[in-house]
Structures are given as C-alpha cells and as structure tokens.
Amino acid sequence: MPAPSLVEIRDLNFTYDKRPVLQGINMTFPKGKLIAIMGLSGCGKTTLLRHIGGALKPTRGYVKFDGQVMHELDARGLYLMRRKMGMLFQFGALFTDMSVYDNVAFQMREHTDLSEEMIHNLVVMKLNAVGLRGAQHMMPSELSGGMARRVALARTMALDPMLVMYDEPFAGLDPISMTVIGDLIRSLNDALGATSIIVTHDIQESLKIVDYVYFMANGVIVSEGTPDELRACDTDFVRQFVHGEMDGPVPFHYPGVDYRQALNLRA
Amino acid sequence: MAVVQTIRAIGHRIVDTVWRIGVAARFFFLTLLYSGNCLRRFHLVIKELFSTGVMSLIIIIVAGLFVGMVLGLQGYETLKRYGSESALGVMVALGLVRELGPVMAALLFASRAGSAMTAEIGLMKATEQISAMEMMAVNPIARIVAPRFWAGVISMPLLAALFSAVGIFGGYLVGVVQIGVDEGSFWSQMQAAVDFREDILNGVIKSVVFGTVVTVIALFEGFDAPPTAEGVSGATTRTVVTSSLAILMLDFVLTAIMFRGA
C-alpha cells in the first residue's frame, strides 16, 4: 500500500504581474519520502516552495498540507501549520546577531516552555547530528559556507518538523561539503521520519539521495520519475539537463535578431 | 502634453507619499499591537537598549559637551553686552533642556542608531533572515521590530537628558572655569529659573516624541527596503533625511504648543 501523502498540489496556477509563473501543477509528496523538484533557474521552483509554505496565494488550484488547504488559512492557522515545517534557505539565512547555539535554540525558546537545561541538551544533540557540536559558540560570520549550511540544517530540524523544504541546499558549496549536506539530508529525513522536498538544479548530487524527481520548465512539469527512470529517460529536455548538454530544448542563444542581421551582413 | 505629464507626475508622487504614510502608520499600529511578547520578555528590549542607547553614548556625550561649550562662549559674549553675565547658567540650561538637548540628541540618534537599525533590518531582509523567521512561525514584527521600537522610545529621553547634563557641564567649564563667571550665580540662577514641569518635563515629552518618530521611521524603512545593496543604502539615507526633517518640523509644532505665551 502506498504511503499516505503529506503534501498534495492540485492544478496550481500562479500569475505574477500578468506573467504565468506556475501552470496546472499537480504533485504528490508521500510521507517519509525525499523528493526533488528540479529545473532551470527561473522555472518556478522556489515559487512552488513558497506556495507550500503558505507565503504566496495561488491564482487557481491549491496546496494541501497535512489535510489543510494552505491559502485558506488565516495568519494564526498559517503559523500553526508552519510549526510543523522547516525550511533550509539557499544560503542558510542564519541570524547574524546570534551565535550558532542561539540560532539552533531559537525556535525552542520561541515555541516551547522547555527549561534552558533541556534546550541545551537538545541543541547539543542537533549540532552533534550535523558534526558541529564544537562550533556552538561561534558566530555565523566565523563559519564557512558549508558549516553555515549545516548549522542552518540543525536549526531547521530543531523541533523535528513533519516536512522539511530545502531551497538550493547545494548552491555555492565545495564537493566535500556538497556530499556532507546531501548525506545529512537523507540520514536526517530517515531518522526523523520526515518528508523532504529539495528544490535544486544540482542533478548529480540530488539523484544520489532522492526517491522521486519532478522536472519543471517554464512553470509546468515536463517529466517525473525515480532517479533510475530519469537517467534512462530519452526526453530531449531531461537528457539535456541530466547530461548537462549545451544546446537542446533549452537553447544556448537567448532569442534575438538574426545573426547576419546583427552583423549587418547581406544575405 | 508636457504640462499634463508634469501634473500626472506630481499626482503620482502625492498619491505614493500618502500611501506610504498610510503603510507606515499601519506598521506603527502593528508594532504596538505585537509589543506584548517583547514587554513580557524584557531581556529582548534590554539587548536592543545596549545597541541603540549604550552604543550612542560616546557621540551624545562628546557632542553635548561641545554644544554646551559653544553655548557658554556665545552666551557670555551676548550677555556681557547687557551686563548679565551671571545669567549664563540660565541661558545654557534653558537652551539645552527646552530645545537643543532633545533636538540635537534626536538628530544624532537618527544618524547613529536610526541608520544602524535600518541597515540591520534591511540586510536581515536581503539575507532572508526575516523570511526564515516567518517560516519558523515567528512574527518578525513581534520579534525584531517591537524590541527595537521600545528600546528607541526608552533610550531617546535618557540620551537627551544626558546631552543636556553634559552640555550644562560644558557651559560651566567655559563660563565659570575658563572665563570666570561667578560660580554661585551660575548655579543658583539656573536652579531658580529652570522650572521642572514647564522646562524639563516638556523637554522630556519632546524627546519621547522624537524617539518614537525616529525609531518608527528607521524600522519602517528597514522593513520596507528592497532586498538589494542599493535598496538598503537608499533606505538608510531616507531614514536620516526623513527623521531629521520630521524632528525639526515636530520641534516647531511642539514648541508652539508648549511654550507659546509662557
């Protein structure tokens, strides 16, 4: 029997400034799975993530999280739903005026009545899980990009969310940090029994860890499947994306006037 | 056509300004509405009091000392013409407590603490820290804005009082120590002429109003800044310019209400 879904997206349309950003998106995110949404920059991936978080209201359709339609919730209801979510931002978005320890403790202090002693133990456990127990007194400005992402991951997991969203978790990382972050995403998802959504265009790293992939282009889903299915897929777009080919359905040249015409040459 | 375009541009500008004032007023209202959390957890306000108040001490003390010394020098030169050098203490004290203390401290506060608040919140927005807080189900107005607002409102009258006190000391140094005005008359005439309610309390009211206005402008500009380097720098500039103009205009209005016919 398939796992019940935690997030359901049906006929999601979003228009910004008369420009259609998302068109008729249908997706299902079963509980416990790690699912990637891939596509080129500007194809609507982050906009989709913002809809799941309830930060944007769709023009048509809906996002249902844990049985609730997100855009129908009032501010209080939205905040209650967000307590069940965690989000890792592209560059970590750590609070720069707080230490690593305080960043991880932030949600515990805001949303729970736990004693400082209990919070201390939880923070140390979360930081230990990402290998940064020894960095708890450092400030975000003292961390490398990879360390900042790991601290942000520990902060995201602070209250053991049901759903974790990752916005470009591999962006700007060196190969070692990339592997570390990828492994942590997979192991933490499995350890917590959470559901994870990764928005990325880093195909090689994400295909190693995810269960299912949605490919997006120009606001629509162009392909979907398991990593093995996508590696074997012969769709032009997917092949170009997976193998990093320079030209194809996504053209190398930005549309413009004819080359000869641009050079003022006669035919 | 040029005339129509000019009128249209002016109209747009007026509508934009009115709309922006409305948004800022709503922001102020929301800040008050969501202040309960930070007033209950007062350590959040104390932390901000350090960065807005304590970190502004040096500029306030140094500026206050020099303004007081200038007042002492200029006041002595003027009063000497009428043989009233002994009233130097009164002149320095009234000038500082009624006007220069609240106004100068507020202008310095806007430049030092106000611009820092705008830049900090603008950068928090640009680096997605505010979005991260919203995604953690924490209201950024309650957690980021409200503590800073109350820190500004509390620290401004204290800084203005300190500015006036240091300024009076500067006037004393120049008038009594350097020039040789009688120390007894300097202090006794000041004590006799400065009224607590009429002068000091009105000065405190002015500084509370200035503190509120400057802090709201600084926080609103930061919160409303486009999340780019250019956007943050523009917002910081607007904070200093708008706050300074607001302080000077409000000072006239408050002075007219408080001291007319006094």
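Two strands count as paired when DSSP finds at least two bridges between them. Strands and helices are themselves DSSP runs, numbered from the N terminus: a helix (H or I) has at least four residues and a strand (E) at least two. With that in hand, strand 4 of chain A and strand 5 of chain A are a pair, joined by two bridges and running antiparallel.

Before going on, a word about the model. It is predicted, so local features need pLDDT of at least 70 and side-chain atom pairs count only at pLDDT 80 or more, while totals for chains, interfaces and linings use all residues. Residues are numbered from 1 along each chain as its sequence is written, and chains are lettered from A and ligands numbered from 1 in the order in which they are written.

## The sheet of chain A

As a general point, strands of a sheet pair through backbone hydrogen bonds, either parallel or antiparallel.

Here are the pairs, each with a pair of residues that stand opposite one another.

| Antiparallel pair in chain A | Bridges | Opposite residues |
|---|---|---|
| Strand 1 (residues 5-16) and strand 2 | Eight bridges | Val7(A) and Phe29(A) |
| Strand 1 and strand 4 (residues 60-65) | Five bridges | Ile9(A) and Val63(A) |
| Strand 4 and strand 5 | Two bridges | Lys64(A) and Val69(A) |

Strand 4 and strand 5 of chain A also form a hairpin with two residues between them. Asp66(A), in the turn of this hairpin, has a positive phi of about 50 degrees.

## Helix 5 of chain A

Next comes a helix that is mostly covered: ten of the twelve residues of helix 5 of chain A are buried. Buried here means that 20 or more other C-beta atoms lie within 10 Å of a residue's own; with 12 or fewer the residue is exposed, and in between it is partly exposed, the C-beta atoms being placed from the backbone. The buried residues of helix 5 of chain A include Met147(A), Arg150(A), Leu153(A) and Thr156(A).

What do the buried residues of helix 5 of chain A pack against? Their partners in chain A are strand 6 (85-88), helix 3 (100-111), helix 4 (116-129), strand 7 (163-167) and helix 6 (175-192). Contact means that the C-beta atoms of two residues, placed from the backbone, lie within 7 Å.

The length of helix 5 can be checked too. The expected span of a helix is 1.5 Å times one less than its number of residues. For the twelve residues of helix 5 (residues 145-156) of chain A this gives 16 Å, and the end C-alpha atoms are 16 Å apart, which agrees.

## Confidence in chain A

The predictor's confidence in each residue is the pLDDT, which runs from 0 to 100. Chain A averages a pLDDT of 87, and 97% of its residues score at least 70. Within chain A, confidence is highest in helix 3, at 93, and lowest in helix 9 (residues 236-243), at a mean of 75.

Chain B has ten helices and zero strands. Its C-alpha atoms fill a box of roughly 65 × 55 × 30 Å, taken along the principal axes. Of its 262 residues, 45% count as buried. Among the contacts in chain B with a separation of 6 or more, 87% are between residues 24 or more positions apart.

One residue to look for is Ala246(B), in helix 10 (residues 229-259) of chain B. Ala246(B) is partly exposed, with 18 other C-beta atoms within 10 Å. Leaving out residues up to four places away in sequence, Ala246(B) touches Val213(B) and Ile217(B).

How many residues does each chain bring to the contact? Chain B gives nine residues and chain A gives 13 residues. The side of chain B that touches chain A divides into five nonpolar residues, three polar and one charged. In this count Ala, Val, Leu, Ile, Met, Phe, Trp, Tyr, Cys and Pro are nonpolar, Asp, Glu, Lys and Arg are charged, and the others, Gly among them, are polar.

## Two loop residues with positive phi

Most residues other than glycine have a negative phi. Glu168(A) has a positive phi, near 50 degrees, and sits in the loop between strand 7 and helix 6 of chain A. Glu168(A) is buried, with 20 other C-beta atoms within 10 Å.

In chain B, Ala137(B) has a positive phi of about 65 degrees. Ala137(B) lies in the loop between helix 6 (129-135) and helix 7 (140-179) of chain B. Is Ala137(B) buried or partly exposed? With 19 C-beta neighbours inside 10 Å, Ala137(B) counts as partly exposed.
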